[in-house]
Each structure stands twice: as C-alpha cells, then as structure tokens.
Amino acid sequence: EVQLVESGGGSVQAGGSLRLSCAASGFTSDDYAIGWLRQAPGQEREGVACMYSGDGSTRYGDSVRGRFTISSDNAKNTVYLQMNSLEPEDTAVYYCAAEYKNRHCYYYGMDYWGKGTQVTVSA
C-alpha cells in the first residue's frame, strides 16, 4: 500500500551537493518512520538518515552527520535528503524506506522500500 519513489541522484564532484527526494503515498496513519539507507558495491547496507513522523525527531549515520540533513514537506508528501560536502565514499545507491510504529527510527526493520537512486561522487 505504501509507495516510495526516489529521485534526484546523479554525478557530482567531491565537495559538491545534491538533494534527493522521496515521494510518498499510501500511508494510513501518522505513526511511522521514514528515511534513507545506502549501499555501495561490495559493501553492506548502512543507515544514512531517518525521521519519525510523530514528533519530527531525526537520527543520522556517523559518517554523514553534519553534512546531510533529512527534512519533509507534508503538503507535497515528500521527504528530502540534502547532501553537502559530498565525498567519494558517499557513492552508493540511496534508498528511501519506511515502517509503521518505528518511533526510534531503527533502519533495518523497514517494511517499505523505494527502488533507489544512484549517487556518484568523483574525486
């Protein structure tokens, strides 16, 4: 029922910025977590940023804290990931994901996933 569609990925030079968007639909309650995870070739999936809808609280992965910001626009039913000071190590497929009743924003119990958007950062 929940559908998530990512956009905004692309290629950028190190030090540059990108903003990813996640268009969300199908939520039947306001009690859910929604956020971003990423996976690089040959590496494990890692949590990037997450927001709990009930109070707007957020959490970030250690490697992106201070550089990335998650936000939402309720009128547009869209969640964003603003990525600044990008590094080659940020190169990955970025996924939007969500789960009901996940007030602590645990990444890996997410039930709903988008198809991902590629981000490539060159040195």
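Is Cys105 buried or exposed? Cys105 is buried, with a relative accessible area of 3%; buried means under 20% relative accessible area, exposed over 50% and partly exposed in between, for a 1.4 Å probe and protein chains only. This is a predicted model, in which local features need pLDDT of at least 70 and side-chain atom pairs count only at pLDDT 80 or more, while totals for chains, interfaces and linings use all residues. Residues are numbered from 1 along each chain as its sequence is written, and side-chain values use heavy atoms, with hydrogens and water left out.

**Loop residues with positive phi**

- Most residues other than glycine have a negative phi.
- Cys105 has a positive phi of about 60 degrees although it is not a glycine, and its place is in the loop between strand 9 and strand 10.
- Strands are DSSP runs (E, at least two residues), numbered from the N terminus.
- Lys101 lies in the loop between strand 9 (92-100) and strand 10 (112-113), and the phi of Lys101 is positive as well, near 60 degrees.
- Lys101 counts as exposed, at 72% relative accessibility.

**Salt bridges**

- The whole structure holds four salt bridges, each defined as a side-chain nitrogen of Lys or Arg within 4 Å of a carboxyl oxygen of Asp or Glu.
- One of them joins the side chains of Arg38 and Glu46 at 2.7 Å, N to O.
- Arg38 is buried at a relative accessible area of 4%, whereas Glu46 is partly exposed at 29%.
- Arg38 also meets Asp90 in a salt bridge of 2.9 Å, N to O.
- That pair links distant parts of the chain, with Arg38 in strand 4 and Asp90 in the loop between strand 8 and strand 9, 52 residues apart.
- Asp90 and Arg67 form a salt bridge of 2.8 Å, N to O.
- Arg67 lies in the loop between strand 6 (58-60) and strand 7, and Asp90 in the loop between strand 8 and strand 9, so this pair ties together parts that are 23 residues apart in sequence.
- Both Asp90 and Arg67 are buried.
- Through shared partners, salt bridges join Arg38, Glu46, Arg67 and Asp90 into one network.

- Four strands form an open sheet in the order 1-3-8-7, with antiparallel pairing; two strands pair if DSSP finds at least two bridges between them.
- Strand 1 (3-7) and strand 7 stand at the edges with a single partner strand each, so one side of each is left without a neighbour in the sheet.
- On average, neighbouring strands of this sheet are turned by 20 degrees against each other, direction ignored; the axes are lines fitted to C-alpha atoms, and angles run from 0 to 180 degrees between N-to-C directions.
- Strand 1 and strand 3 pair in the antiparallel sense over five bridges.
- Val5 stands opposite Ala23 in strand 3.

**The largest pocket**

- About 320 Å³ of space lies in the largest pocket; on a 1 Å grid over the protein atoms alone, a pocket is an open set of points where a 1.4 Å probe fits, with protein on both sides within 12 Å along at least five of seven lines.
- The volume is the space filled by probe spheres set on the points, which are joined across faces, edges and corners.
- The lining has 17 residues, and Tyr32, Ser53, Ser72, Asn74 and Asn77 lie nearest the centre of the pocket; lining residues have an atom within 4 Å of a point.
- Among the elements that give two or more residues to this lining are strand 4 (32-39) and strand 5 (46-52).
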